[in-house]
Amino acid sequence: MNAVKKDVEKLVQKELESANQRFPMFHSDYEGAAVILREIDNAKLQMVRTKERFENVWSFVKHESHSEELTLDLKHCAIELACSAIQLATMAQKFINSQKERENQNE
């Protein structure tokens, strides 16, 4: 996992730059927390979908069979899960940046 951690951090930064171009900073901690909660819910949903796909693969394994299509579907779901995790990390950083920006405006 350490082999890709720096790459993931770069992807979070890339996603943050894109999000900041499209959307303003969070106006309040409540807004930021709501967005983060939505991202957590999305990640949970992706995890459930990924687990369901694995259960399909596992069923084939137990019957000493295999299905490349099911395994590819599992891979796709895992990639979507990773994207959801990156989006969650991005919104957490945007929350931090938004707080700092509001603090600087109040000085």
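Visitor: How many positive and negative side chains does the protein have, and how far apart do the centres of the two sets lie?

Guide: For such a count, Lys and Arg are positive and Asp and Glu negative, while His and the chain ends are not counted. Each charge is placed at NZ of Lys, CZ of Arg, CG of Asp or CD of Glu. Here there are 15 positive and 18 negative side chains, with centres 2 Å apart. This is a predicted model, where local features need pLDDT of at least 70, side-chain atom pairs count only at pLDDT 80 or more, and totals for chains, interfaces and linings use all residues. Residues are numbered from 1 along each chain as its sequence is written, and side-chain values use heavy atoms, leaving out hydrogens and water.

Visitor: Which pattern does the protein follow along the sequence?

Guide: Helices (H or I, at least four residues) and strands (E, at least two) are DSSP runs, numbered from the N terminus. This protein reads α-α-α, with three helices and zero strands. Its radius of gyration (over C-alpha atoms) is 18 Å, well over the 13 Å from the globule rule (2.2 Å times the number of residues to the power 0.38) for 107 residues, so the protein is more spread out than a compact globule.

Visitor: Is S98 buried or exposed?

Guide: Buried means under 20% relative accessible area, exposed over 50%, and partly exposed in between (1.4 Å probe, protein chains only). S98, in helix α3 (residues 68-106), is buried at 1%.

Visitor: Which residues does S98 touch?

Guide: Contact means heavy atoms within 4.5 Å. Leaving aside residues up to four places away in sequence, S98 touches M25 and F26.
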